[in-house]
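Colleague: I have a model open and want to learn how to read it. Can we go through it feature by feature?

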Amino acid sequence: MGRSAMCPGTFDPVTNGHIDIIRRASRCFDGVIVAVLANPSKEPLFSAEERVAMLKEAVADIDGVEVSSFDGLLVDHAQDRGAGVVVKGLRGEGDMDFELKMSQMNNRLSGVETFFLPTSPEWSFISSSLIKEIVRFGGDVSGLVPDFVRGRLEERLSTGRD
Ligand code: PNS
């Protein structure tokens with residue numbers, strides 16, 4: 001059996017930064033399972049089903065990638081799916097503190113290892129929250145998320161704007 005990695009996140013919505021990490025992880029492992037946290041503590045803009053559907057479309061051209069959703073502990077989902085490694089992107093020092101703690105806790109809970117991939121510089125300033133804020137105020141996020149994601153953001157967030 002090959003070695004699978006899990007790429008977890010909220011993906012509300014998927015950005016080009018996420019896709020870059022998933023693509024690069026797929027070159028390092030035999031398979032990648034993208035794991036969408038269905039019910040994060042912050043209220044997501046898109047439902048779990050919508051986020052999974054957007055991810056499936058976004059990674060359709062990457063071999064060896066499947067998309068799942070989960071609730072509860074990431075380590076339980078990783079164990080259920082046979083992934084011994086978690087892969088996360090790191091945009092900079094701001095991500096490091098919390099990501100390090102989560103990786104250590106996940107290792108303590110289950111022995112799962114976390115591999116960090118440095119985000120490609122062209123995407124290191126992107127976050128799903130910033131993308132939503134820009135679209136909410138009428139800004140253009142072309143080239144930062146796939147075009148179909150931009151369309152869905154505009155549909156969802158344009159309500160109430162003149
Ligand atoms: O997109 P994000 O916000 O970076 O993703 C964070 C995520 C979903 C990976 C993290 O919140 C998570 O793993 N949540 C599941 C619950 C869990 O396992 N919590 C303990 C972490 S040590």
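Colleague: Which residue is the bridge partner of M6 in β2?

Modeller: Strands here are DSSP runs of E of at least two residues, helices are runs of H or I of at least four, and both are numbered from the N terminus. Two strands pair if DSSP finds at least two bridges between them. In this model, M6 has I33 in β2 as its bridge partner. P8 stands opposite A35 in β2. β1 and β2 pair in the parallel sense, over 6 bridges.

Colleague: How far can I trust such details?

Modeller: The model is predicted: local features need pLDDT of at least 70, side-chain atom pairs count only at pLDDT 80 or more, and totals for chains, interfaces and linings use all residues. Residues are numbered from 1 along each chain as its sequence is written, and side-chain values use heavy atoms, with hydrogens and water left out.

Colleague: What is the strand order of the sheet?

Modeller: The order is β3-β2-β1-β4-β5, in an open sheet of 5 strands with parallel pairing. β3 and β5 (113-118) stand at the edges with a single partner strand each, so one side of each has no neighbour in the sheet. Neighbouring strands are turned by 30° against each other on average, direction ignored. Axes for such angles are lines fitted to C-alpha atoms, for helices over the stretch in contact; angles run from 0 to 180 degrees between N-to-C directions. α1 packs on this sheet and touches β1, β2, β3, β4 and β5. The direction of α1 makes about 120° with that of β5.

Colleague: Is β1 mostly covered or exposed?

Modeller: Buried means under 20% relative accessible area, exposed means over 50%, and partly exposed lies in between (1.4 Å probe, protein chains only). β1 is mostly covered, with 6 of its 6 residues buried. S4, M6 and P8 point one way from the strand. A5, C7 and G9 point the other way. For contrast, take helix α6: E155 lies there. E155 is exposed, at 61% relative accessible area.

Colleague: Which residues of helix α2 are buried?

Modeller: In α2 (residues 48-58) they are A48, R51, V52, M54, L55 and A58. Down the axis of α2, they fall within an arc of 165°, so they line one face of the helix. That arc is taken from the directions from the helix axis to the C-beta atoms. The buried residues of α2 pack against α1 (16-28), β2 (31-37), β3 (65-70) and α6 (147-157).

Colleague: Where do nonpolar residues gather?

Modeller: In soluble globular proteins, nonpolar side chains tend to be buried together. A nonpolar core is a set of buried Ala, Val, Leu, Ile, Met, Phe, Trp, Tyr and Cys residues joined through side-chain atoms within 4.5 Å. The largest one here has 34 residues. I22, V34, L55 and V87 have the most contacts inside it. A second, separate core of 10 residues includes V75, A78, A83 and V112. Back in the largest core, contact means heavy atoms within 4.5 Å. L55 touches F11, V14, I22, V34, V36 and V67, not counting residues up to four places away in sequence.

Colleague: How many disulfides does the structure hold?

Modeller: A disulfide is a covalent bond between the sulfur atoms of two cysteines. The cut-off used is a pair of cysteine sulfur atoms within 2.5 Å. The structure holds 0 disulfides. For C7, the nearest cysteine sulfur is that of C28, 9.9 Å away. That is too far for a bond.

Colleague: Are these two cysteines buried or exposed?

Modeller: C7 counts as buried, at 3% relative accessibility. C28 is exposed, with a relative accessible area of 55%.
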